[in-house]
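Take a walk through this structure.

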Amino acid sequence: MKQTLLALTLALAGLMPLAHADAVGGHALPPGIAWQQGDVPAAFARARAENKPVFLYWGAVWCPPCNQVKATIFNRPDFIAATRQFVPVYLDGDSDNAQQLGEKFKVRGYPTMILFRPDGAEITRLPGEVDPQRYLRTLQLGLAAVKPVKALLADALAGKPLAAGDWQLLADYAWDVDQGQIIPEAEVTATLVRLAQRVPAEQQATATRLQLKALAALAGEKQPPAFDREPARARLSRVLADDGLSRANADIVIYAAGDILKLLGDGGGLPAAFDRQLAKLANDDTLAWGDRLGAESAALDLYKQRHADQPLPASLLADIRAKAAAADQDSVNPYQRQAVITAAGELLADAGLLDASDKLLQGELKTSHAPYYHMLILASNAKARGDKAAALDWYQKAYQAAEGQATRLQWGASYVGGAVELAPQDAARVEAAASAVFADAAKSDSAFYERSRRSLEKVAARLKAWNQDGAHAAAIGRLAGQLDGVCGKLPSGDAQKPVCDKLVSTIRS
């Protein structure tokens, strides 16, 4: 729920910190930070007046990685102290005009964290999947940077000398959420490869990180370019043989393991080396539980890659159960639990322990600040059992429980997709679900921007596929007419109107 009028008035008057409550859901942010919530223009006005940078956090109440950031970074005394150096603004994806601002700043994935100069020039995008120490080093480098990352990149690619800190900024830049801000998305992989080749060899830690990021980017390509895999295998083997290097780059070792092995193959003992390091990281209590469960999940995925036709060994299943139980017991604050319980529920489900996953997730529904996220995993579990009715019921419950403009459209798109996939013959359900989503779109002030636009595009595509043989023409006509009515209420000069009109055409085509 939004702040009370009194609290908002006091906050804007500077008599109290601007909000220790999320813009949606009534759920408190970690205390101690005077967030400027939602009002980005006011944040930049304040930054210019105080000659301070702006720190923009773009996230959502339900988002597990966002909650991990809140649980591991935003609550740290050293981060809270650092916020005195900049103007922190919290932009919830469900806030008024949030999706429009998201399109303006080219932010899409939650969380995205950007450091700006007072004049609005972007300095750097901060990584969300790293440990707090690396994050804080990167933040301080960004605050001290003479040039923004975009200029540093141009200098590096031109062969100009860079300071060690500048190279580290490039190595720790959040390339996965750049969205074409400093370089076209199609060129990111090639750019990382070039940077990895140019970083001075004496900067070993930074060189290793850039090499690993380049390798992970190559592994993520659908059709990776030809390259010499032997040097890559040798470098990766050195990292995996070194506990310190593996821990320093745990985010890459954990979350890119499967793709990297698919790219490089099983040569050089890489699978066993990954297994060893993932086991250590899964048991490393200096890592957040979300990452420890991520390491356990990566180890499970690697086992499945190599033993696709074999049942999981009892020892692995027992370890997964134990990890999920320990994570559940150790996670106490609500941010931590939102990140950890979803990860544990998904891990148990991936291991085929569907009943254990259901029990864990259902036990969280009454206390979670975003139970609708857990309901989507419950829907997936029911679908894995072949129980279509139960899956549809969970999709519907998740949508009904969802809160916030963008969130409701995203969860509504999931429900429409589930209905079309699991019960295409139930025309009444499909039409009712899509009609509810379009009604939500009519209530939103930015339904046709950024994430909300993509949710509605998914709904339109699903409806088009559902009616490809013309069997549901009457329902499609009613739905297209409903959305057309929404488009008709948009001013002719509104950038959303052509987007809305195109969606109507997609549905009718």
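The count comes to two disulfides, a disulfide being a pair of cysteine sulfur atoms within 2.5 Å. This is a predicted model, where local features need pLDDT of at least 70, side-chain atom pairs count only at pLDDT 80 or more, and totals for chains, interfaces and linings use all residues. Residues are numbered from 1 along each chain as its sequence is written, and side-chain values use heavy atoms, without hydrogens and water.

Cys63 is joined to Cys66, S to S 2.4 Å. The torsion about their S-S bond is about 85°, so this disulfide is right-handed. Cys63 is buried at 1% relative accessible area, where buried means under 20% (exposed is over 50%, partly exposed in between, with a 1.4 Å probe and protein chains only). Cys66 is buried too, at 0%.

Cys487 and Cys500 form a disulfide with sulfur atoms 1.9 Å apart. Its torsion is -85°, and the link is left-handed. Cys487 lies in helix α25 (residues 473–488) and Cys500 in helix α26 (residues 496–508), 13 residues apart. Helices here are DSSP runs of H or I, at least four residues, numbered from the N terminus. Cys487 is buried at 0%. Cys500 is buried at 0%. Counting bonded cysteines along the chain, the pattern is 1-2, 3-4.

Now the helices. α8 (residues 164–171) packs against α10 (residues 204–220) at about 25°, with axes 9 Å apart. That makes α8 roughly parallel to α10, a term for angles under 35 degrees. Trp167, Gln168, Leu170 and Ala171 of α8 meet Thr206, Arg209, Leu210 and Lys213 of α10, contact meaning heavy atoms within 4.5 Å.

Methods:
Axes are lines fitted to C-alpha atoms, for helices over the stretch in contact, and angles run from 0 to 180 degrees between N-to-C directions. Helices (H or I, at least four residues) and strands (E, at least two) are DSSP runs, numbered from the N terminus. Angles under 35 degrees count as roughly parallel, over 145 as roughly antiparallel, 65 to 115 as roughly perpendicular and the rest as oblique.
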